Amino acid sequence: MTDLSKLKYTATHEWVSLNGKTATVGITDYAQKEISDAVFVELPKEGRVVRKKESAMVIESVKAAFDIYAPMSGKIAKVNDSLKDKPETVNKSPYEQGWLFQIECSDPKEFESLLTQEQYLGVKDSGY
Amino acid sequence: MNSDSQTIFEKHSFNPASWLPKLDGSEEKALAKLPEESVRKSEPHLPSLSELDVVRHFTNLSQKNFCVDTNFYPLGSCTMKYNPKALDAIAASTAYSQIHPYQDEEDVQGALKILYEMQVVLSEITGMEEFTLQPAAGAHGEFCGLLMAGAYHRFKKNKKTKVLIPDSAHGTNPASAALCGFKVVQIATNAKGHVDVEDLKRKLDGDVACLMMTNPNTLGIFEEDILEIASRVHKAGGLLYYDGANMNALVGICRPGDMGFDIVHLNLHKTFAVPHGSGGPGSGPVGVKKELIPFLPFPRILKKGQKFSYEKNAPHSIGKLRSFYGNFGAIIRSYAYIKALGDEGLKGVSENAILNANYLKARLKDIFDVPYNGFCMHEFVMSAKKQKAKGVKALDIAKRLLDFGVYAPTIYFPLIVEEALMVEPTETESKETLDRFVEILVEIDKEINENPQKVLGAPHTTPVSRIDEVTAARQPNLRFKS
Amino acid sequence: MLKAIGVPSFEGLISNIPKNLRNFKWNIPPGISELELGREMDEIGHANKNFKYATLYLGAGNYDHFVPAVIDRLAFRGEFITAYTPYQGEASQGTLQSMYEYQSLICELTAMDFSNASMYDGASSLAEAALLALRFTGRKKILIPASTHPEYREVVRTYLSFVDAEILRVPMKDGAMDMEQFERLMDDNVAAVILQQPNFFGVLEETHKVSELTHKSGALLIACVNPISLGILQPPGEYGADIAVGEGQGLGNPVSFGGPHFGFFVVKEPLLRKIPGRIAGMTVDKNGRRAFVLTLQAREQHIRREKATSNICTNQALCALKGAIYLTLLGGEGIRKLALLNLRNAHKAHERLLKIKGVQVVFKKPFFNEFALKISRDKKKLKNNLRKRGILGPLALGDFYPELDSSYLIAVTEKRTDDDLKRLVEAIEAS
């Protein structure tokens, strides 16, 4: 089980974990509840360069489409292909099997300015 | 698997296609003239069904549909009024269905007269100067209108990259703007349900090509500040675009052209009685003020004396939106409708539409939350907020309505109202039908309090029960494969 | 009712509308009864020369094909014609299943993977295909042969007016795309190559060669096809089309002065999530019963708004329904037979007309049911002689291609008889 307190967060409900220069990104439990049944995950292309806060990809439910934003700048290194056939994994296991993509960060220091769990819970409860 | 939902691919009977003339054997000679590589090697796998079985199949299918001819259909923003059958008969007549768009002008003067006079009468109704009948639907009309706005600004050497759109707008508005390369900026709706003029003032600058609006807006409320809005947009050098989906509220009462709109699109399959055809065809004519006439799609229909003709040159025209001149079969129905209603009849359309909507709103306001005070026009939006608190959503109420033989109102639009139900009765419904609708909703509300499962599990009496849309999207099955 | 609402008169409901907007004068005559309406519409209709009582040799995108009576009987049932978009699926299974069947039929006919539920017409479908290709590949050029229908080329140009892209016209040679010029213009900034088959002149293009060269550069092939021709011509899916579009009018819809008809839009699997328009899918209801529903809606305008694959909402559903019924009535053997009848009649006419002095071949390439011929006759005299014999058309090509002045485009369908041909021959000979 991932220790959620060790992760960092964005105000747009992404979680991030950093390992050296590689950041792994997913969506929080709050986000997956809002999306409810994910039906299609449009993953970014590997090698694509993204800027912090840029929309990196989309998760679709039956009635809506949700932009997922890159929490840090860099290059998309790897994507979770298993979500192609099983988009519901994003709902069932948002912090583990439902990880979305990994970024090779151009500036790992950006991690420090992300929200801590406490800060994220504060933002979330204020009805962002 | 229900045998009655078998597709045509799963049924089989002998089909001689005997309505075709016989082959005479000389076909092979002609076939031999075609290059080997271009010829089909095997027949397409189309079904084989006798005419009787085709008739049974599609007739049975049709009987699974709710439609205006069988059910009350208060689908907000779609104007599901009665479609007079006389119009279908006229459009299908030989004189109008068996003419080719490339026949010489002198051989189609009747068709050209209808197109021309339609342009004129729509201008009278909306207060605009000239219309094009080319666009095939409302969204197509929006695209046409925005292309013209872009062409106009380009011609005037204005650099304008933004289109302002209220947050209550129909999705086709921003989608059409994006197609024309514009950046979409949203304008907020204020607490009274109107376009927030303060927000507009903040966002209006010299970079705005156009403000797209509808009046009444998607909440069914008349935009009282429209004259001020028009003035501000024009002062900033922008154009004002009218989404005519709600025209059923204004016919004979007031006109978008008089409000200051520069471009207007209409939906003939809404206000002007063209049947909806299970999703189309419609028609989306676009009207403009004088400065935009040079940009209209090509060719315009012109009149000289008693003769009608196609314009020959239009150097500033945006071009063409589709082949030929428009959905003629739809246009002629509306033409006949307008002719039949005439001056008084047209005025009666909006008067009765507004009366019916307000009547329903007054009778339903105690059951549902109606977020905006004041009178509505031809439609209104109510919220199932109270019911949601009890665990039943707008979606469930919509499904339960089907059990009572009523097609559900539009749900979850506009996005700014929680658990929205948009009700548009139209002018062709009787008071009796409206009273019955109210009774049904009272009953459903009672069920929500006493027996919510009945509503949550609805529909119960339709050919299929609640459909699994999630699986449909996760594992798309979009064509039959044996 | 006013009492229930709480206002003394109707004016009370609209008192918030500025008074100056209420004072307008419009010039609209009083209404008339259904009887009078019928009479007036008949009178206006007399000013149209219709081809039920004349012989049509015009084609160029709209064709005089026979429509069996069954089609209108079924399609004009109130349950189909007065229903709307099937958002409440449980009350719209008729519409949804017929959409699914239409999609399946078009896929079979074109040998492609997925179809949407219809577009406005062939020309706008082609334009949307070009937009899709630009977005999908990220490249900026579209190649379109001069032998493509001029109105279609104009519609593509209009759709791309404000898109950062370039449309390159590939010159034609002998009525088809000039392959040498095509190779010269082809590079790896081309998003798509458009190929109309048969083209505007009824001529067959070199589909395999074009497909090979297109894909070699990594571009998409957009085929714009005549659905009836697919009874005997190789379907686009088999020569590598990535997108296939076309005008569906010939499938069970009357010519009706150019509309309403429908455009079909079919793709190979990789492009599925990018296609415009509504799509019906097969699924189950909560009791496991088969059900049909609108699906993949997250592509569309009501959800994605400015990021939608297209702005299309209302489509041409009823026309597509007629197409589906028509294809079902034909069956695989029937459509082959129909295509052969068209081919035969056209080739018979072509052969007979060339025997007339002053009538010459324009293009030597093979054709389906439409062809161009040069007729060296006094234009005015020819027009009069055709009219005298109740013949509408053929199409003067000089209006579209100045270099083809004195040439005419002649369409011959299964409806044209030996007697029709005899009169056409007489009209030309008399001029």
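Chain B splits into domain 1 (3–62), domain 2 (86–340) and domain 3 (350–469), going by the domain assignment. Keep in mind that this is a predicted model.

Let's take domains 2 and 3 of chain B as a pair. Their C-alpha centres sit 31 Å apart. Where the two touch, domain 2 of chain B puts in 18 residues and domain 3 of chain B puts in 15 residues. What classes of residue make up the side of domain 2 of chain B that touches domain 3 of chain B? That side has eight nonpolar and eight polar residues, plus two charged ones.

Now over to chain C and its strand β10, residues 263–267. Five of the five residues in this strand are buried, so β10 of chain C is largely enclosed by the rest of the structure. As a general point, side chains in a regular strand alternate between the two faces of the sheet. Here, C:Gly263, C:Phe265 and C:Val267 point one way from β10(C), while C:Phe264 and C:Val266 point the other way, with buried residues on both sides.

Which strands pair with β10(C), and over how many bridges? Here's the rundown:

| Partner of β10(C) | Residues | Sense | Bridges |
|---|---|---|---|
| β2 of chain C | 114–115 | antiparallel | two bridges |
| β9 of chain C | 243–247 | antiparallel | five bridges |

For C:Glu247, the bridge partner in β10(C) is C:Gly263. Both of those β10(C) residues also turn up among the buried ones, C:Val266 pointing one way from the strand and C:Gly263 the other.

Technical notes: Residues are numbered from 1 along each chain as its sequence is written. Chains are lettered from A and ligands numbered from 1 in the order in which they are written. This is a predicted model: local features need pLDDT of at least 70, side-chain atom pairs count only at pLDDT 80 or more; totals for chains, interfaces and linings use all residues. Domain bounds come from an automatic or database domain assignment. Two residues are in contact if their C-beta atoms, placed from the backbone, lie within 7 Å. Ala, Val, Leu, Ile, Met, Phe, Trp, Tyr, Cys and Pro count as nonpolar, Asp, Glu, Lys and Arg as charged, and the others, Gly among them, as polar. A residue is buried if 20 or more other C-beta atoms lie within 10 Å of its own, exposed if 12 or fewer, and partly exposed in between; C-beta atoms are placed from the backbone. Helices (H or I, at least four residues) and strands (E, at least two) are DSSP runs, numbered from the N terminus. Two strands pair if DSSP finds at least two bridges between them.
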